[in-house]
Amino acid sequence: MQILALDVGGTAIKSALIGPDDILRDQQISPSKPAPAQILTEMAADVAKSYEDYDVLAVSMTGQIDHKRQMTLARSNGFSFEAIQFPVGEALRRQVKRPVFVLNDANAATLGEACYGAGRNYRNFICITYGTGVGGGIIQNGVLLTGHQGIAGELGHMSIHAGGRRCRCGRRGCYQEYASTTALLRQARKIFPELENGRELMDRLPGEPRLQRVLDKWIGEVAEGLCNFAYIFDPDCFVLGGGVMERQDILERVRRRFQKTVIPSFAGIQIQRAELGNNAGMLGAAAYARWALTDNKEGEQISCMMKEGLL
């Protein structure tokens, strides 16, 4: 079976063909833009139509996705979340005339890491990506925790500072307002307004004690959230993604702060770097499509079948 996998985001749509050998072929990146689900779906359909030789379309897509109904539930308008439903799966099926399976991008990335990446040796782990915001997914006992509507795992919107900074979800004090790369850059720009991205920030760190203090406070915020997740889920491991976590020194500092901050009985939780990078969503979407075609029972959560040798 040949799967066309799409990772549909607000700045780009990544695509690749994935066969039984799980190798990504004919990879492409097409520009996109922040837009309502209907417009993103039209963009995704245009990308899919540029491919011919595939049997199934698997989509990792930004936004809140009810994977059972293949429908978006809400979108951000920059100040709050609006309840806007759109049948993205049905719309894509009409366009490509093939089976279509859609999963939220954070859950798809988590499933990718569970089946092929840093989470493949763990039955209980949490995948968290630190970037523009904070996204994540949860694997419990070898299945993806999706919740009643398929939208569990909104880790970035856990409040860690009551009455704190306003988040685009409309609430205040959300984790992503303190622990995202965006939050780190916001604080760093108070010292160096010309900083454009996290890489420039890291280049400036040596010999800049003011930036070191900003980074240290940010690491504390990251660790604070990890402690809360540890207390709720008691995972084997945290798998951390995002460009800043690719730096070994940053990852090690997060490990040390977490172990210092958390209740001692949780200090043995492993912290690993995500392995799949930008391919995680496509690989996870493909894994989801295979699960849906072979083992899709009513009400059953998405199994990480790679662990059982079934994918």
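Begin by selecting helices α7 and α8, where α7 passes α8 in a right-handed crossing (the near helix is turned clockwise from the far one by less than a right angle).

The model is predicted, with local features needing pLDDT of at least 70 and side-chain atom pairs counting only at pLDDT 80 or more, while totals for chains, interfaces and linings use all residues. Residues are numbered from 1 along each chain as its sequence is written, and side-chain values use heavy atoms, without hydrogens and water.

Next, select strands β3, β2, β1, β4 and β8, which in that order form an open sheet of mixed pairing (two strands pair if DSSP finds at least two bridges between them). Because β3 (24–31) and β8 (100–104) each have a single partner strand, they stand at the edges, with one side of each left without a neighbour in the sheet. Within the sheet, β1 (residues 3–8) and β4 (residues 56–61) pair in the parallel sense over six bridges, and A5 has A58 in β4 as its bridge partner.

Finally, select helix α2 (residues 88–96), in which V88, G89, A91, L92 and V96 are buried (under 20% relative accessible area, 1.4 Å probe, protein chains only). Seen down the axis of α2, these buried residues fall within an arc of 165 degrees, so they line one face of the helix. K97, which follows α2, has a positive phi, near 60 degrees.

Technical notes. Helix = DSSP H or I, 4+ residues; strand = E, 2+ residues; numbered from the N terminus. Buried < 20%, exposed > 50% of the residue type's maximum accessible area, 1.4 Å probe, protein only. Arc of directions from axis to C-beta.
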